[in-house]
Amino acid sequence: MIETNGNELTNYKYIDLFCGIGGFHIALSSFGAQCVFASDIDRYSQDIYEKNFGMRPNGDIRQIKCKEIPSHDILCAGFPCQPFSISGNQKGFNDSTGNGNLFFEIIRIARFHKPKIIFLENVSNLEKHDDGKTFDIIKAKLDSIGYYIFYKNINSSDFGVPQARQRLYIIAIRKNLKIKNFVFPTETNKAICLKDILLNDSYISDDLFIKRKYILNNKTILNQSNKLIRIGQIGLGRQGERIYSVLGHATTLSSQSGGLGGQTGMYYINGRVRKLHPRECARLMGFPDDYILPKEIRVSYSKFGNSVVVDVLQYIMKKIIEYL
């Protein structure tokens, strides 16, 4: 997290759609904004959200009428990304689970409530999905209900977070606010590496260490980098089998990647190779250390892999505040 005054948005209310475990909640609340409604269909996410924020998210947004949602100034949504992700099924709006069409729930609610700002996050591939046709529809829908649209692919590595995580951020501003130009924040390029956020070895359980034979090509890395530094592998070195240096950045946390290093990646740390602890994953997403983690490691991995980077949201929100 980055430091804020905590009162920049004290008169603003926001809703948190597809809220997951609360990345948007942490980011906007850090500016003093009030969350008046949250929604997520996943029970684990609802439980974790409630433990941390004292409010239980509503369920399936498709079953909630617009008039049942309180009025708000900002609509936040990290809408489901699997239908648009390179690692997903690529079905987009035609996804058989119905997740691809959940973007239109955002349109439904925004058309009714007309918030000043719509703040969205999704996978970077959304911009190129189906040769750009999917994103053209998204832009056209937002325009049709009265919003100017601004978007940018941002890597959290460029904003002081030691994780290579490229995501598409979309800001839609209500046209009658007459803000026709919005410039995303400039990269901080803060020097930071994975080693800076690791827990002491005493907190690491034995099950996080890799027991299989591995190969290290170069374990004497001396210089810190804001990029991935691959130094070894297990087996053929496919995704989930690669080993990285802690003097570089972490690979992208994932909710469901396979391989021994699936979801967190594998790292050579103090003479051994291991996956990351859930608290380390939380730090890589910008969640504070007083955030209550899920009890099960597998749930932590899944939920942080699906979450949003708090720091990047905060930097973007700081920029939005300059225009309000």
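What share of the contacts in the chain with a separation of 6 or more comes from residues 24 or more positions apart? Such residues account for 65% of these contacts, where contact means heavy atoms within 4.5 Å.

This is a predicted model, in which local features need pLDDT of at least 70 and side-chain atom pairs count only at pLDDT 80 or more, while totals for chains, interfaces and linings use all residues. Residues are numbered from 1 along each chain as its sequence is written, and side-chain values use heavy atoms, with hydrogens and water left out.

**View 1. The whole chain, with seven helices and 11 strands.** Helices (H or I, at least four residues) and strands (E, at least two) are DSSP runs, numbered from the N terminus. The C-alpha atoms fill a box of roughly 60 × 45 × 35 Å along the principal axes. Of the 324 residues, 54% count as buried, a term that means under 20% relative accessible area, whereas exposed means over 50% and partly exposed lies in between (1.4 Å probe, protein chains only).

**View 2. The largest nonpolar core, a set of 60 residues.** A nonpolar core is a set of buried Ala, Val, Leu, Ile, Met, Phe, Trp, Tyr and Cys residues joined through side-chain atoms within 4.5 Å. The residues that touch the most other members are Leu28, Ile74, Phe119, Ile171, Leu194, Phe287 and Ile316. Helix α7 (residues 310-323) gives the most to this core, with six residues. A second, separate core has 29 residues, including Leu17, Phe37, Ile64 and Leu120. In soluble globular proteins, nonpolar side chains tend to be buried together.

**View 3. The surroundings of leucine 194.** When residues up to four places away in sequence are not counted, Leu194 touches Pro162, Val246, Gly248, Ala250, Tyr267, Leu276 and Leu284.

**View 4. Helix α6 (residues 297-305), which is mostly covered.** Seven of its nine residues are buried, namely Val299, Ser300, Tyr301, Ser302, Lys303, Phe304 and Gly305. What covers these buried residues includes α2 (43-53) and α5 (278-284).

**View 5. Glutamate 105 in helix α3 (residues 103-113).** Glutamate 105 counts as buried because its relative accessible area is 15%. Leaving out residues up to four places away in sequence, glutamate 105 touches Ile61 and Arg62. Glutamate 105 and leucine 17 are 88 residues apart in sequence, yet their C-alpha atoms are 9.5 Å apart in space.
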